[in-house]
Amino acid sequence: MPEPDLVAAFDDAHGRYIESVDQLVPLLIRMAVGRVQDALPTTHVLEAEGELTEDWSRTLRIRRVLDRSGAVLFDVTVGHDGQQVEDAIDDANSEYLDFLMDLTGDIYMGQVIIEIPDSPAS
């Protein structure tokens, strides 16, 4: 059994870690959304999918981007003619959403809907 001081130090550090994750998660989502909105300003919904890669890494990938009316602005199966849009999606996936998966484990596995309530109307 670990010493009580060690257990107390662990509990304190673990509490700070959980608090930090709770603060980081909404920031990462806002940053991912903001990056997509740079290229597609009327973005209101990100439809994404969390999965395990063949090397057991968790990834969260944007599959579709919708505006407030439900119109599809981006679909991964079709792609987008604008390189700026493709780059924004790639950046949001690799820079923000993968980190989100690292922090949250299986919470975002499977199909995920991220709705942006304060996005501009389309």
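Reader: Buried means under 20% relative accessible area, exposed means over 50%, and partly exposed is in between, with a 1.4 Å probe and protein chains only. Is L27 buried, exposed or partly exposed?

Author: L27 is partly exposed, because its relative accessible area is 40%. This is a predicted model, where local features need pLDDT of at least 70 and side-chain atom pairs count only at pLDDT 80 or more, while totals for chains, interfaces and linings use all residues. Residues are numbered from 1 along each chain as its sequence is written, and side-chain values use heavy atoms, with hydrogens and water left out.

Reader: OK. Where is the place of L27?

Author: L27 is in helix α1. Helices (H or I, at least four residues) and strands (E, at least two) are DSSP runs, numbered from the N terminus. L27 is 69 residues from Y96 in sequence, and their C-alpha atoms are 9.2 Å apart in space.

Reader: How many residues does α1 have, and what should they span?

Author: Helix α1 covers residues 4–39, which is 36 residues. The expected span of a helix is 1.5 Å times one less than its number of residues. For α1 that should be 52 Å, and the end C-alpha atoms are 53 Å apart, so the two agree.

Reader: Which residues of α1 are buried?

Author: They are V21, V25, L28, I29, A32, V33, V36 and A39. Their cover includes strands β1 (43–52), β2 (58–67) and β4 (110–115), along with helix α2 (83–104).

Reader: Which residues form the nonpolar patch on the surface?

Author: L24, L27, M31 and F99 form it, with about 320 Å² of accessible area together. Helix α1 gives the most to this patch, with 3 residues. One of the patch residues is M31, which is in α1 and counts as partly exposed because its relative accessibility is 42%.

Reader: What are patches made of?

Author: Residues with over 30% relative accessible area and no salt bridge; like charges are joined within 9 Å, and nonpolar side chains (Val, Leu, Ile, Met, Phe, Trp, Tyr) within 5 Å. Accessible areas come from the Shrake-Rupley method with a 1.4 Å probe, and for residues only the protein chains shown count as cover.

Reader: Now the inside. How many residues has the largest nonpolar core?

Author: It has 28 residues, and those with the most contacts inside it are V36, L46, L60, I62, V65, L100 and Y108. Two or more residues each come from α1, β1, β2, α2 and β4. Helix α2 gives the largest share, 9 residues. A nonpolar core is a set of buried Ala, Val, Leu, Ile, Met, Phe, Trp, Tyr and Cys residues joined through side-chain atoms within 4.5 Å.

Reader: Why would nonpolar side chains be together?

Author: In soluble globular proteins, nonpolar side chains tend to be buried together.

Reader: Take I62. What does it touch?

Author: Leaving out residues up to four places away in sequence, I62 touches V36, L46, E47, A48, F74, V76, I89, A92, N93 and L97. Contact means heavy atoms within 4.5 Å. I62 lies in strand β2 and counts as buried because its relative accessibility is 1%. Its C-alpha atom is separated by 4.1 Å from that of A48, 14 residues apart along the chain.

Reader: And T43, buried or exposed?

Author: T43 counts as buried, because its relative accessibility is 0%. T43 is in strand β1. T43 and L66 are 23 residues apart in sequence, with 5.8 Å between their C-alpha atoms.

Reader: New topic. How many salt bridges are there?

Author: The count comes to 8. A salt bridge is a side-chain nitrogen of Lys or Arg within 4 Å of a carboxyl oxygen of Asp or Glu.

Reader: What does R16 form a salt bridge with?

Author: With D12, and their closest N and O atoms are 2.3 Å apart. R16 and D12 are 4 residues apart in helix α1, so about one helical turn separates them.

Reader: What about D91, which residue is its partner?

Author: D91 forms a salt bridge with R35, the closest N and O atoms being 2.9 Å apart. D91 lies in helix α2 and R35 in helix α1, so the pair ties together parts that are 56 residues apart in sequence. R35, D38 and D91 are linked in a network of salt bridges.

Reader: And D98, which residue does it pair with?

Author: D98 forms a salt bridge with R61, and the closest N and O atoms are 2.7 Å apart. D98 lies in helix α2 and R61 in strand β2, so this pair ties together parts that are 37 residues apart in sequence. D98 counts as buried at 14% relative accessibility, whereas R61 is partly exposed, with a relative accessible area of 21%.
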